[in-house]
Amino acid sequence: MLNSVPGPRAGHVHFGSHTAGDMALTLETRDLTIRFGGHVAVNCVSCSFRPGELTAIVGPNGAGKTTYFNLISGQLRASSGSILFDGRDITSLSAPLRTRAGLGRAFQLTNLFPNLSVEENVRLAVQAQSGVHYDLLRPWMARRDLIARADAILDQVALGSRRNITATTLSHGDQRKLEVALMMALEPKVFMFDEPTAGMSIDEVPVVLDLIGKLKQDKSRIILLVEHKMDVVRSLADRIIVLHNGQLVADGKPAEVIASPIVQEAYLGVSTRSAA
Ligand SMILES: Nc1ncnc2c1ncn2[C@@H]1O[C@H](COP(=O)(O)OP(=O)(O)O)[C@@H](O)[C@H]1O
Ligand SMILES: [Mg+2]
């Protein structure tokens, strides 16, 4: 139990001032591996994540970042290795049970009710999380607390003015915000964002970044962010890990990792190895 799991990598940032009273939450992958045929997409990745820390996961296209997320959230099963969350081994747990346990991931809007409004979709998600079931004697629409919670989430993701729009008619950027809203409604302990600003227009990007910045303020949360825009990473991350060909090749404070040869090569095309 607790956070006494062995830290597989040295040199990571340690936050000593967790919220008093809460047992520290932990998420850890140990030698996590998945093979697709002969291709090892995630290769022996051992890493632990702590509350109060936003970890950016970077690496070139095809490095295995999304696959790593799929393994953690349960969309894919590991070929070998394990995942520990909140004191238990969740390696063989289904994706829905992992969601229940508190692993939150923003998904392309697949579980959306397409003909319902933005607000109705968020309310249904809030209702699902609250465990309140439909009750003929007390229709959920009357439950002011659920409505207030849904409205607060809509405001947080800046979709308040879109609340009555049919979900499927949202612009691309607004759909991404709705994905985040649906994740927030589940009140997860771990927030996973996979390129949350991809395809967004310039003016929409700050809304999502501000939102992630605000989520960080609650130090009981673990936040994982896959992002290739280094300015975004620089402004939000407390820690950066680098995946390359499925392997974890760097892990540390943003300034150190950004300055490292592997990142300089992968992102800036600077050859630091063959300088002789
Ligand atoms: N379901 C799958 N079947 C076969 N190969 C896959 C599958 N998912 C991902 N891959 C491969 O695994 C590698 C890592 O992909 P991905 O995790 O999407 O990379 P990233 O998100 O870092 O760009 C790629 O070579 C990709 O083609
Ligand atoms: Mg990806």
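Student: Which kinds of residue count as nonpolar, charged or polar here?
Tutor: Asp, Glu, Lys and Arg count as charged. Ala, Val, Leu, Ile, Met, Phe, Trp, Tyr, Cys and Pro are nonpolar, and the others, Gly among them, are polar.

Student: How do the residues of the shell around ligand 1 divide into nonpolar, polar and charged?
Tutor: The model is a predicted one. In it, Phe 36, Ala 41, Gly 59, Asn 61, Gly 62, Ala 63, Gly 64, Lys 65, Thr 66 and Thr 67 surround ligand 1. Lys counts as charged, Phe and Ala as nonpolar, and Gly as polar. The division is three nonpolar, six polar and one charged.

Student: Which element gives the largest share of the shell around ligand 1?
Tutor: The shell includes Lys 65, Thr 66 and Thr 67. Residues 65–73 form one helix, and three residues of the shell come from there, the largest share. That element is helix H1.

Student: How many helices and strands does the chain have, and what share of its residues is buried?
Tutor: The secondary structure comes to nine helices and 10 strands. Of the 276 residues in the chain, the buried share is 36%.

Student: How many bridges join S1 to S2, and which residue is the bridge partner of Thr 29?
Tutor: S1 and S2 form a hairpin with two residues between them, and Gly 37 in the turn has a positive phi of about 60°. The two strands run antiparallel and are joined by seven bridges. In S2, the partner of Thr 29 is Cys 47.

Student: What is the bridge partner of Leu 84 in S5?
Tutor: Strand S4 (residues 80–85) and S5 run antiparallel, with two bridges joining them. Leu 84 has its partner in S5, and that partner is Asp 89.

Student: Why does Leu 25 count as buried?
Tutor: Leu 25 lies in the segment before strand S1 (27–36). Beyond its neighbours within four places in sequence, Leu 25 is in contact with Pro 51, Asp 86, Lys 189, Ser 220 and Ile 222. A residue is buried if 20 or more other C-beta atoms lie within 10 Å of its own. Leu 25 therefore counts as buried, its number of C-beta neighbours inside 10 Å being 20.

Student: How far apart in space are Leu 25 and Gly 52?
Tutor: In sequence, 27 residues separate Leu 25 and Gly 52. From C-alpha to C-alpha, the distance in space is 9.8 Å.

Student: Where around the axis of H4 do its buried residues lie?
Tutor: Leu 146, Arg 149, Ala 150, Ile 153 and Leu 154 are the buried residues of H4. They cover an arc of only 135° around the axis, which means they are on the same side of H4. Arg 144, Asp 145 and Ala 148 are exposed, and they are on the other side of H4.

Student: What covers the buried residues of H4?
Tutor: The cover includes two helices, at 118–130 and 172–185. The buried residues of H3, including Val 118, Val 122 and Ala 125, pack against H4 and H5. The helices included in the cover of H4 are H3 and H5.

Conventions:
Residues are numbered from 1 along each chain as its sequence is written. Chains are lettered from A and ligands numbered from 1 in the order in which they are written. This is a predicted model: local features need pLDDT of at least 70, side-chain atom pairs count only at pLDDT 80 or more; totals for chains, interfaces and linings use all residues. A residue is near a molecule or strand if its C-beta atom, placed from the backbone, lies within 6 Å of it. Helices (H or I, at least four residues) and strands (E, at least two) are DSSP runs, numbered from the N terminus. A residue is buried if 20 or more other C-beta atoms lie within 10 Å of its own, exposed if 12 or fewer, and partly exposed in between; C-beta atoms are placed from the backbone. The arc is that of the directions from the helix axis to the C-beta atoms. Two residues are in contact if their C-beta atoms, placed from the backbone, lie within 7 Å. Two strands pair if DSSP finds at least two bridges between them.
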